Amino acid sequence: MSYQEKNITVSLFSHLLIVGYYLSQLFQMQQTGGLVAAKVFSLWAVVIVGVIIVNIIGNILTHIMLSIVHAIKTRSEHVEKYVEDERDHLIGLKGDRVSYIAFSIGVLIAMLSFAFGQPPLVMFCLLILSSILAEIISDLSQLYLYRKGF
Amino acid sequence: MDKYKVKNNIRRLRFNYDEMTQEQLAEKVGVTRQTIIAIEGGKYAPSLELAFKIALVFGVPLQEVFSYELEGDEK
């Protein structure tokens, strides 16, 4: 597994963690008296900031862990360079495209929920959910492309 | 319509070039070993620039490294 694949795997798990947290919070809100605007928007902020922070920390930790493992394996102080080449860029771009399509579908579903009489808060909840799901789908598609090639 | 595919002789050229490893070739052309593995396995068609770099490493013309053939055709 290459450095990029490991990075994407970490990103995938962090996104799964965030989506799990988000859905559990929504479920709790539903149990304790429905969706309240103030709570939903504070959850939005927590989730958005959470995604950013968890991704940054995840990337840093992956880099540190891989460097330590490399040093132990090779028993040298030589720091391994992680090259990002044209194939990585291409796979990244394809992942972005998949993410964009998935998010567009999510936005459409959110709009449709509003059009079919659901309260606006449901639409906002679906919007944030679709953005995280789009990231997860993007990570999965990138991992698939790394494995299968193209 | 016939389907064409980029094929390559990198494995043979590496062997003839002092049994160069994939890692060494990757370092010389500035990509990861995974990319060399993908190119050798026919899973990834490199950019023109990378193709020229690989040919330069072996000191052979581009068409000796890569060929564009009908899928399924073996030399």
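## Burial and contacts in chain A

In this predicted model, 21% of the 150 residues of chain A count as buried. Among the chain A contacts with a separation of 6 or more, 77% are accounted for by residues 24 or more positions apart.

## Fold and dimensions of chain A

Chain A contains four helices and zero strands, and its pattern along the sequence reads α-α-α-α. The radius of gyration of chain A is 19 Å, whereas the globule rule gives 15 Å for 150 residues; the value is well over that figure, so chain A is more spread out than a compact globule. The C-alpha trace of chain A spans about 60 × 35 × 20 Å along its principal axes.

## The largest nonpolar core

The largest nonpolar core has 12 residues and is drawn from chain B, including Ile10(B), Leu25(B), Val29(B), Ile36(B), Ala38(B), Tyr44(B), Leu50(B), Ile54(B) and Phe66(B). Two or more residues of this core come from each of three elements of chain B: helix H2 (22-29), helix H3 (33-40) and helix H4 (48-58). The greatest contribution is that of H3(B), which gives three residues.

## Contacts of Ala38(B) and a separate core

Ala38(B) is one of the residues of the largest core. With neighbours within four places in sequence left aside, Ala38(B) is in contact with Lys43(B) and Tyr44(B) in chain B, and with Arg87(A) and Gly149(A) in chain A.

Another core lies apart from the largest one and has nine residues. Among them are Ile18(A), Leu43(A), Val51(A) and Ala110(A).

Conventions. Residues are numbered from 1 along each chain as its sequence is written. Chains are lettered from A and ligands numbered from 1 in the order in which they are written. This is a predicted model: local features need pLDDT of at least 70, side-chain atom pairs count only at pLDDT 80 or more; totals for chains, interfaces and linings use all residues. The radius of gyration is taken over C-alpha atoms; the globule rule is 2.2 Å times the number of residues to the power 0.38. A residue is buried if 20 or more other C-beta atoms lie within 10 Å of its own, exposed if 12 or fewer, and partly exposed in between; C-beta atoms are placed from the backbone. Two residues are in contact if their C-beta atoms, placed from the backbone, lie within 7 Å. A nonpolar core is a set of buried Ala, Val, Leu, Ile, Met, Phe, Trp, Tyr and Cys residues joined through C-beta atoms within 7 Å.
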